Amino acid sequence: MGFPDRIERTVQLAHPPATVWSALTTAEGLAAWFDQEATIDLRPGGTARMTWSDGSTKDMRVERVEERTIFGFTWQIDGLPEDDARRTYVEFTLEPVGSGTRLRVVETGFAQLPPDTYRKAYDAHTQGWASELGELVERLDAA
């Protein structure tokens, strides 16, 4: 049996897709809930970088942009050398539901990892998405 390759989370947000889209795809929006500082060039092939208060960074490559509906990127995997080409792919899908938004995040690409890196990365990202999406909800609701 192979490794699970997919983490999927869905949250209901009491905010319109335009508001959620801005939180996901702008430097200011990302910095408010996902990290301390962010840069993003929102176009396929564009780069993004997030920096946390502990000084750690994560480089990303924008892969898919469908205005207010789909945003996808690849990013580095902790535990692999910085020059390792393997990445996971994260895709956010926004769906209008009444006056709010159903947001689904799916991250794939873990099965390509060596067993020791796989378990650590998969567990960390599973816990991380639960935590980070909770922060997104809190930030949007506080605004």
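The legends below describe close-up views of a predicted model.

Local features require pLDDT of at least 70 and side-chain atom pairs count only at pLDDT 80 or more, whereas totals for chains, interfaces and linings use all residues. Residues are numbered from 1 along each chain as its sequence is written, and side-chain values use heavy atoms, with hydrogens and water left out.

**View A. The stacked rings of F34 and W75.** A search of the whole structure finds 13 aromatic pairs; rings of Phe, Tyr and Trp (its six-membered ring) pair if their centres lie within 6.5 Å, and planes under 30 degrees apart count as stacked, over 60 as edge-to-face and the rest as tilted. One of the pairs is formed by F34 and W75, which are stacked with 6.0 Å from centre to centre and 25° between the planes. This pair links distant parts of the chain, 41 residues apart: F34 belongs to the loop between α2 (27–33) and β2 (37–40), and W75 to strand β5 (residues 70–76). Helices (H or I, at least four residues) and strands (E, at least two) are DSSP runs, numbered from the N terminus. F34 is buried at a relative accessible area of 6%, and W75 is likewise buried at 4%; buried means under 20% relative accessible area, exposed over 50%, and partly exposed in between (1.4 Å probe, protein chains only).

**View B. The stacked rings of Y118 and Y122.** The ring centres of Y118 and Y122 are 5.4 Å apart and their planes meet at 20°, so this pair is stacked. Because Y118 and Y122 are four residues apart in helix α3 (residues 115–142), about one helical turn separates them. Y118 is buried, with 1% relative accessibility, and Y122 is buried with 15%.

**View C. The aromatic cluster and the charge over W75.** One aromatic cluster is formed by W21, W33, F34, W52, F71, F73, W75, F92 and W129. The charged end of K58 sits over the ring of W75, at 5.2 Å from the ring centre; this label requires NZ of Lys or CZ of Arg within 6 Å of the ring centre and within 35 degrees of the ring normal.

**View D. The surroundings of T117.** T117 is found in helix α3 and is buried, with a relative accessible area of 9%. Leaving aside residues up to four places away in sequence, T117 touches I77, D78, G79 and L80, where contact means heavy atoms within 4.5 Å.

**View E. Salt bridges of R61, E63, R64, E66 and E91**. Eleven salt bridges are found in a search of the whole structure, each being a side-chain nitrogen of Lys or Arg within 4 Å of a carboxyl oxygen of Asp or Glu. E63 is bridged to R61, with the closest N and O atoms 3.0 Å apart; E63 is partly exposed at 31% relative accessibility, as is R61 at 42%. R64 forms a salt bridge with E66, the closest N and O atoms being 2.7 Å apart. The side chain of R64 also meets that of E91 in a salt bridge (3.1 Å, N to O). R64 lies in strand β4 (residues 57–66) and E91 in strand β6 (residues 87–97), so this pair ties together parts that are 27 residues apart in sequence. R64 is partly exposed at 31% and E66 is partly exposed at 34%, whereas E91 is buried at 15%.
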